[in-house]
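Trainee: Hi! Could you walk me through this one? I'm still new to reading structures.
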Amino acid sequence: MRVFVCEFVTGGGLRGATLPESLAREAALIRDAMRRDLAALPQVRELLLAADDRLPLPGAVAVTEGADAWAIWRDLAQRADVVWPVAPETDGVLARLVEMLRENCPRVLACDPEAIAAATSKLETARRLAATGVPHIPTFTLAQAPDLPGPRITKPDDGAGCEDTRFWPDGVQATPAPRDGLVIQPFVAGEAASLTVLNAPEGVRLLTVNRQHIAVEDGRVFLTGLSVGALADADGRLEALAEAVVRAMPGLHGIFGIDILLTDTGPVVVEVNPRLTTAYAGLGTALGLNPATLLSPFADAAAAPHAGTCAPVELALA
């Protein structure tokens, strides 16, 4: 079996632009974990990769200045039996990538483009969760927001991670730098966490509950690290929340992430990440098994443990 690991950032997707060091580092963490897990599978006889030539990788097809990364990915997809893509959902990149790969390879391990498009928008995510009664943070456009008391958060409607996320204290008017598509939310107190979720033909499984380490500097919100598998789901409430999100947003497949807040009144969904997240880099160690074996093309008899049976893994991101 030939498997193409199509990681957007390290694989040449930003070859015509500045390559942020922190973004490249996180992307490489995910890609290298995927490579390690796939290389350990006996049925995988060849791994195909592309690499931005500023981030050289032995054996990968180099994406040089002026090269068409998408054409290179298309060629690799046509040579592969399975493609496993990772890309930011911002600006529709991930949805377009999945559509292109599906046209060129019989098996693509990804969420459906429709689900990706819905999860890309904070407003659409909140609308879908509200329609099915899933606890979430109310989200409004800046122009249509009611008078929100207390602290608030602004962020792009179409954005990944903590990109351009700002905290506004109570009594301070929210005046973010002008840009299109910003949304505003009430600040909700709670412990920042994320869920690493598997949706397979057998059903939804919560793999790990990860503590997020968040910092605020001059109003800007940053993710500085993760403790993968550090939190438990003793009463099953978080797995039930993951199942509810999947019902609210059909088309979420494979391994993906859900950002949440653990509040005094229960867990609240912040956003849905329709792709592998950085937590994947510590997932195998936390679970004590190869996560790739949980995906149907590579599945074996291994059973995924429930969250709470993990050995926590620390990932420093800043």
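Mentor: Happy to! One term before we start: two residues are in contact when they have heavy atoms within 4.5 Å of each other. Also keep in mind that this is a predicted model.

Trainee: Got it. So which residues does V272 touch, not counting residues up to four places away in sequence?
Mentor: V272 touches E89, A119, T125, V245, M249, L252 and G257, with those sequence neighbours left out.

Trainee: And where is the place of V272?
Mentor: You'll find V272 in strand 13, which covers residues 266–273.

Trainee: Is V272 buried or exposed?
Mentor: V272 is buried, because its relative accessible area is 0%, and buried means under 20%.

Trainee: What separates the C-alpha atoms of V272 and V245?
Mentor: Those two C-alpha atoms are 8.4 Å apart, while the residues are 27 residues apart along the chain.

Trainee: A119 was on your list too. Which residues of helix 5 are buried?
Mentor: They are P113, A115, I116, A118, A119 and T120. Helix 5 spans residues 113–120, and six of its eight residues are buried, so the helix is largely enclosed by the rest of the structure.

Trainee: What do those buried residues pack against?
Mentor: The buried residues of helix 5 pack against helix 4, helix 6 (122–131) and strand 13.

Trainee: New topic: N210. Where does N210 lie, and is N210 buried or exposed?
Mentor: N210 lies in strand 10, residues 203–217. N210 counts as buried because its relative accessibility is 0%.

Trainee: What does the side chain of N210 make a polar contact with?
Mentor: The side chain of T196, at 3.0 Å. The N210 side chain also reaches the backbone nitrogen of G229, at 3.0 Å.

Trainee: Which residues is N210 in contact with, leaving aside neighbours within four places in sequence?
Mentor: Among them are A192, S194, L195, S227, V228, L231 and A279. T196 and G229 are on that list as well.

Trainee: Last one: what volume does the second largest pocket have?
Mentor: The second largest pocket has a volume of about 330 Å³. Its lining takes two or more residues from each of strand 4 (82–86), helix 4 (93–104), strand 9 (191–200) and strand 12 (254–263).

Trainee: How many residues line the second largest pocket?
Mentor: The lining has 26 residues, and L109, A110, H253, G254 and L295 lie nearest the pocket's centre. By type, the lining residues divide into 18 nonpolar, four polar and four charged.

Note on methods: Residues numbered from 1 in each chain as written. Predicted model: local features only at pLDDT ≥ 70, side-chain atom pairs only at ≥ 80, totals over all residues. Heavy atoms only, no water. Helix = DSSP H or I, 4+ residues; strand = E, 2+ residues; numbered from the N terminus. Buried < 20%, exposed > 50% of the residue type's maximum accessible area, 1.4 Å probe, protein only. Polar contact = N/O pair within 3.5 Å; in protein donor to acceptor, adjacent residues only side chain to side chain. 1 Å grid on protein atoms, 1.4 Å probe; cavity = no way out; pocket = protein on both sides within 12 Å on 5 of 7 lines; lining within 4 Å. Points joined across faces, edges and corners; volume = space filled by probe spheres on them. Nonpolar A, V, L, I, M, F, W, Y, C, P; charged D, E, K, R; others polar.
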